[in-house]
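Visitor: I would like to learn how to read a ligand site in a model of this kind. Could we go through it step by step?

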Amino acid sequence: MPTQTPALKNEVLVLKQYIAGKWIDGSTTKEIVSTNPADDRQVIARLRGADKSDALRALDAAQKAFPAWRDTPAPVRGRILAKAAMIARARKEELARLMTREEGKIYPEALGEIDKGLTLMDWFAGEGMRLMGVTAPSELPRNILYTLRQPLGVVSIITPWNFPWAIPVWKISPALVAGNCVVFKPASLVPAMAVEIVRIFEEAGLPAGVLNLILGSGSAVGDVLVEDARVKAVSFTGSNEIGKRVHTIAGARGIKVTCEMGGKNPAVVMADADLNLALAGVMKGAFGSTGQRCTATSRLILDEKIADRFLKLLLAEVKKIRLGDGLEKGVGLGPAVDESQLKTDLDYIEIAKKEGAKLLCGGKRPADKNLAHGYFVEPTVFDGVTPKMRLWREEVFGPVLAVTRAKSFDEALELANDCEFGLTCAIYTQDLTQALRFSEAAEVGMVHVNSPTIGGEAQVPFGGVKGSGVGEREMSKEGLHFFTELKTVFLDYTGAARSSNIY
Ligand code: UN1
């Protein structure tokens with residue numbers, strides 16, 4: 001059974017890079033320090049950041065490890081994943097606690113995230129048995145046509161801070177089971193969770209060099225992980241600004257790239273909806289994970305017939321939310337992840353006020369002195385937001401909900417689609433025709449009917465359209481296929497092709 005790590009016992013962790021199966025210090029003198037966003041006096045971890053030379057060493061290690069890993073049978077690769085899942089499952093409360101301390105999300109949400117990652121590991125472990133191609137009939141006699149799924153080689157995985165366990169796990173697992181070697185660069189705000197992920201794979205028996213960890217600032221190591229000739233694919237989740245850059249560099253190199261970026265996800269509540277269900281879904285979607293979720297509900301479109309009634313119910317619920325350290329029982333909303341995100345939240349609140357939106361609740365840091373050392377912002381609702389306002393169009397990534405009203409189903413749909421992003425959306429209605437019309441016409445990658453905009457499941461594709469994503473969907477078969485090349489084999493076993501007219 002694995003032993004507890006110091007970070008899980010509230011001591012300051014001293015972290016290292018993981019390159020070629022060895023834990024080593026980064027080459028910069030710059031220290032990366034991760035602190036608890038609920039109280040920034042608490043240091044979680046320290047480390048010396050990586051620079052380009054470390055990233056190059058990691059790429060080299062991955063390249064060297066590739067032939068043996070590629071030749072390891074896929075079911076055997078899958079079993080290492082299954083073992084990693086078993087190790088992590090036995091430690092899930094400790095991991096969730098660490099996540100709450102490092103990222104700030106409340107403990108029940110952290111546990112939920114660990115569970116989700118475990119399900120994804122289970123799914124991809126099984127895919128080791130199902131890395132199948134097809135056989136197809138040939139135009140020619142005594143010919144066999146078939147396809148093989150083969151790994152790409154070295155792949156870079158670049159992940160954000162808001163799901164410090166689930167997102168790395170759902171990218172690393174398919175990359176590994178498909179037979180690739182990985183250089184993993186997580187966001188600098190969550191190094192301790194990243195180290196735990198790598199330690200779990202190490203303990204599960206992953207050979208040296210197959211998974212390497214680079215902890216450093218994006219500016220120091222980001223570009224080389226996309227530009228280096230050894231990198232055959234990049235899987236990125238994060239901001240639009242960086243995602244577009246990753247996509248441009250990878251595109252110019254002609255390598256595979258998938259970028260999962262922002263969202264500005266609408267929830268539509270029609271007059272016939274079960275309002276209590278809609279209320280629960282909007283609360284969870286807008287304020288869960290402190291709104292720091294690319295799938296968060298950030299726009300609420302209310303049928304004008306129930307708008308005032310719904311907002312009254314909503315405000316009553318919002319008032320009940322307790323802010324605080326996510327490890328405390330009864331706390332419903334954790335802090336923003338850092339000072340810069342807090343500033344972004346507060347800036348958008350000011351912008352919305354200036355643009356004429358009506359502040360219904362929240363809008364500032366809480367007065368409670370006990371929260372003064374955390375990056376807290378009150379759950380905030382603005383009414384009267386119009387599509388011209390920045391709060392309607394731009395992702396805040398905080399607990400700030402923009403509300404507007406629609407006169408009809410068609411207007412609600414038009415408002416929902418009036419957006420540069422297209423990740424996910426929700427409609428609350430009991431009317432089958434409305435639900436199906438909305439599902440068909442919504443310009444998004446994922447539609448929720450009578451459920452919140454958030455979340456995903458391992459066995460179905462996850463991802464968005466428009467400004468929310470480019471490249472292959474994640475999770476599911478598609479998430480695995482991204483990390484493979486398909487090879488077609490034409491096997492002529494008696495020479496029928498010699499005299500054929502097939503081109
Ligand atoms: C979820 O809603 O459970 O960065 C997952 C994000 C998304 C993941 C959301 N890539 O918020």
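Visitor: Which domains does the domain assignment of the protein chain give?

Guide: Domain bounds come from an automatic or database domain assignment, and here that assignment gives domain 1 (17-25 + 52-261 + 468-488) and domain 2 (265-449). Contact between them, meaning heavy atoms within 4.5 Å, takes 18 residues from domain 1 and 21 residues from domain 2. This is a predicted model, in which local features need pLDDT of at least 70 and side-chain atom pairs count only at pLDDT 80 or more, while totals for chains, interfaces and linings use all residues. Residues are numbered from 1 along each chain as its sequence is written, and side-chain values use heavy atoms, with hydrogens and water left out.

Visitor: Which residues come nearest to the ligand?

Guide: A residue is near a molecule if one of its heavy atoms lies within 4 Å of it; of the 13 residues around the ligand, Lys-116, Glu-260, Cys-294, Thr-295 and Gly-455 come nearest. Because both domain 1 and domain 2 give residues to this shell, the ligand lies between them.

Visitor: How much of the ligand's area does the protein bury?

Guide: With accessible areas from the Shrake-Rupley method and a 1.4 Å probe, the ligand taken alone exposes 320 Å², of which the protein buries 98%.
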